[in-house]
Structure formats: structure tokens, C-alpha cells
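Hi everyone, thanks for coming. Let me put the sequence and the structure up on the screen, and then we can walk through them together.

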Amino acid sequence: MTVNRMILNETSYFGKGAIKEVATEAKKRGFKKALVVTDKGLIKFEVATKVTAVLDEAGLAYEIYDDIVPNPTIEDVQRGVKAAKTAGADYIVAIGGGSSIDTAKAIGVIITNPEFEDVLSLEGVADTKNPALPILAVPTTSGTAAEVTINYVITDKANSRKFVCVDSHDIPVVAFIDSDMMMGMPKGLCASTGMDALTHAIEGYITKGAWEMTDMLHIKAIEIVANSLRDSVEGKQAAREEMALGQYIAGMGFSNVGLGLVHGMAHPLSAWYNTPHGVACAALLPLIMDYNKEYTGEKYRDIAVKFGIEGAETMALSAVRDAAVQAVKQLGIDVGIPQHLAELGMKEADIAKIAEDAYRDVCTPGNPRDTSVEEIIALYKSML
Ligand SMILES: NC(=O)c1ccc[n+]([C@@H]2O[C@H](COP(=O)([O-])OP(=O)(O)OC[C@H]3O[C@@H](n4cnc5c(N)ncnc54)[C@H](O)[C@@H]3O)[C@@H](O)[C@H]2O)c1
Ligand SMILES: [Fe+2]
């Protein structure tokens, strides 16, 4: 029997008001001073300040590092390491989307493993020796699940690359999944991050390493996104709560088995054109689902069932596979996802180079269908 490994974060709180537990956990663990890692927008729109208010009320000391930008860079991490040292922080409170939480992970890992201060050497599976500075993570988007994954993604601007780091030492110790933190998301952000969560669930469901336990998590996440994303984008509270949970469940799965070619091809789009991660994934998902369909056994039937396609249980396999791809495509269209890569700024002349980056991406080998640079070029061109 194959040995499968599952790594999850230590403690998680779910539900409206969960952020109150940030103070309880910090006190219980004897933490003295936090570095709050977030972005300026989340301070300005009084999202991050909901959490700092909890720290204030509990008399807990902290300093804020709010220079995080979407698709965070090596330099953002290095400035954060300096800020953590200057603050004398013994833990991190990460508040934001994947960009803030990922940067916090890299900062936390480097503080306790300073030999990786160049950041680049953390790419792939780095041989870090010590757990990161403890991270309490508060997601504000419902997409990346960075609060429960062992991955983080950093941009190497000098080489126009996004690189994925996989390290069990980076996982936040406590996560606070509080839909109140996500209510302020504008429609477009809610749609793209929700489609990122769906991409995690579908790629994790069909990836080479998928197994019973992760299948259970991914199919549940697919069901939640299929039922709730449209209403969540419309701002309905109950649906945003469902999506907060759904994206986390997908993270419990994919973090342990990997992803596939959608993520492999999405990362270079963000590195080259600063495309938001969720938008890049969402645009590519139906195309790559179609490309992979012969390599997925009965799994697209399960997806079609969760998308409520009539007769999916008994339909011919080829028909049900196409129906699943179509349902995912329609969801993307309904929530306003661009359907052409040129809309994201992609230029034909860049494709050959971008395809090489996609082929080398850490996520690509997890794809159920083995691929090649030539096939990736053809895929990009087909939806330019
Ligand atoms: N660690 C992982 O496992 C993992 C998985 C997938 C993606 N990622 C990475 O995460 C990053 C993307 O993260 P993201 O999609 O969550 O977005 P993000 O963190 O880049 O945030 C995007 C924008 O949304 C704003 N925002 C966030 N929450 C808001 C809220 N509640 N209200 C209003 N505005 C809000 C932010 O201020 C920011 O301007 C990418 O770099 C991606 O590669 C990581
Ligand atoms: Fe993603």
C-alpha cells in the first residue's frame, strides 16, 4: 500500500466572530509581541483593523508590516524579515489573502532558518531545519487556503518568475476562518478567489497523488463552490460563509497531494503580467479540464453530479466529461471571468518563453496527463 502523508494546521476556528479567538490563542501560547503582516488596502478598508482591535482590547503588543502587494516579491519578504527582527516579534499574525499569508510564511521560515535569507533557495522542497516563527492566520479572501497549506508562492521579479515553496515548517499553527473578514470583498475578487478554490478542488481531485481522504475533501469543496459561489459573488452572507469553509476544505486536500497544469500555467501569467492568481486559474481551468478529460476515470462524472447536471449518474462517460467541463466554464462566465488570455495582457510573442516556465513549475508534474512545452504552447495559443 502506498504511504500517504497528511499535514494540517494545529487548530482552526470557523464562523462569524472567530477572530476573537486570536487573543485567546496568543495568550494561551504565551506569545509576547506580534508582527502583523497585512496590506495597506486591508488597513484602509478597516478589515485588518478588526483583528488589531482584538489585540488592543486584550492588551497584546504588536507592530504592523503592511507593505504586502498582490504577487509578493523576494524583496517584500526580506523587508518583512527586517521588520520582524526590529519589532522583536515572537509570532506573526497574518491578515489577508494568499499574498499576506504567503509572505508571512516566508518571513517566519527565514527568521528561524536564517541560512535561507536569500529567499530563492526556499524554492521547491527546501531542507529547513526549524518550524517557522508561529503564525496565526486570518484569511480575508475565500480562495487560496494559505492558512492550512504547506505552500507559499513568491515572485522573483528579476527573472519574471513565480516560484512555489513547499515546506511543512511553514504551516500556520492556528487559522481563524471568519466570514466577517470576507464580507467586504468586491465582486471581482470574490469571483476570482472562489474560482481559485474550485481550481484547487478539481486539480487536487484528479492529480496523480489523489487518494481516498483527499478525494473526500475535494469533492466536498467542489459541491460547496458549485452551490455557493454565484450567491457569494452577489454578497449573500450565508454563501460567503459556505465559501469560507469550502476553500479551507480544498486546502486541506490539495496541500497534501499537489495540483496540476492549471496552476503550472497560471503562475507565469502572474509573473509576466501581474495577473491576479485567481483570475489566471479561473480562465485556464475549463481549457485544462478539457485537455485532461481522458485521464480522469469517472471523476468528471462526480464533478458533474455536484454541479447538478441532470442525468449525470447514467450519462455516457464522454458526454458527462464534456458536461462537467461546460458547467465549470459556465460558472466562470456567470461570475465574470475573462475568457481570453489577451484580456490578461498576454502577447503571442511571449508564449514560447512562458510555456517553458509553465512546464518547469512545481505544480505541473502533478497533472494527470503528462505534457510538453509544445503542448503548453498550443494550449496558450488556443485561448489567446
Ligand atoms: N499558499 C498557498 O497554498 C496558495 C494557494 C493559492 C494561491 N496562493 C497565492 O496567493 C496569492 C493570491 O492571494 P489572494 O487571491 O487571496 O489575493 P491577494 O492576497 O493577492 O489580495 C488581492 C487584493 O485583494 C484585497 N483584499 C483581500 N481581502 C479583501 C477583503 N476582505 N476586502 C477587500 N479587499 C480585500 C487585497 O488588499 C489585495 O489588494 C497569489 O500570490 C497566489 O500565488 C497561495
Ligand atoms: Fe491557487
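Let's start with ligand 1: of the 29 residues around it, Ser99, Asp102, Thr140, Thr141 and Thr149 come nearest. A residue counts as near a molecule or strand here if one of its heavy atoms lies within 4 Å of it. Before I go on, the ground rules: this is a predicted model, where local features need pLDDT of at least 70 and side-chain atom pairs count only at pLDDT 80 or more, while totals for chains, interfaces and linings use all residues. Residues are numbered from 1 along each chain as its sequence is written, chains are lettered from A and ligands numbered from 1 in the order in which they are written, and side-chain values use heavy atoms, with hydrogens and water left out.

Back to the shell. The residues around ligand 1 divide into 11 nonpolar, 13 polar and 5 charged.

Which backbone atoms come up in the polar contacts of ligand 1? An oxygen atom of the ligand is 2.8 Å from a polar backbone atom of Gly98. A nitrogen atom of ligand 1 is 2.8 Å from a polar backbone atom of Asn151, and a nitrogen atom of ligand 1 is 3.1 Å from one of Met181. The protein covers 89% of the 880 Å² of accessible area that ligand 1 has on its own; those areas come from the Shrake-Rupley method with a 1.4 Å probe, and for residues only the protein chains shown count as cover. A polar contact, by the way, is a pair of N or O atoms within 3.5 Å; within protein, one must be able to donate a hydrogen and the other to accept it, and residues adjacent in sequence count only if both atoms are side-chain atoms.

Asn151 sits in strand E6, residues 151-156. Helices (H or I, at least four residues) and strands (E, at least two) are DSSP runs, numbered from the N terminus. Is Asn151 buried or exposed? Asn151 is buried, with a relative accessible area of 14%. Buried means under 20% relative accessible area, exposed over 50%, and partly exposed in between, with a 1.4 Å probe and protein chains only. Leaving out residues up to four places away in sequence, Asn151 touches Asp102, Lys105, Val164, Cys165, Val166, Asp170, Phe254 and Ser255, where contact means heavy atoms within 4.5 Å.

Next stop, Ile95, in strand E4 (residues 91-96). Ile95 is buried at 0% relative accessible area. Beyond the residues up to four places away, its contacts include Val36, Leu42, Val138, Thr140 and Met181.

Setting aside neighbours within four places in sequence, Asn113 is in contact with Thr128, Lys129 and Asn130.

On to the charges. How many salt bridges are there? The count comes to 26, a salt bridge being a side-chain nitrogen of Lys or Arg within 4 Å of a carboxyl oxygen of Asp or Glu. In one of them, Arg29 and Glu10 meet at 2.9 Å, N to O. Arg29 is in the loop between helix H1 (21-28) and strand E2 (33-37), Glu10 in the segment before strand E1 (11-14), and they are 19 residues apart. Arg29 is partly exposed at 26%, whereas Glu10 is exposed at 56%.

Lys299 and Asp215 form another salt bridge, at 3.1 Å, N to O. Lys299 lies in helix H11 (residues 299-306) and Asp215 in helix H7 (residues 212-233), so the pair ties together parts 84 residues apart in sequence.

Last, two backbone angles for anyone who likes checking torsions. Glu46 has a positive phi near 55° without being a glycine; Glu46 lies in the loop between helix H2 (40-44) and helix H3 (48-57) and is exposed at 56%. Ala145, not a glycine either, has a positive phi of about 60°. Ala145 is found in the loop between E5 and E6, and is buried at 0% relative accessibility.

How values were computed
Nonpolar A, V, L, I, M, F, W, Y, C, P; charged D, E, K, R; others polar.
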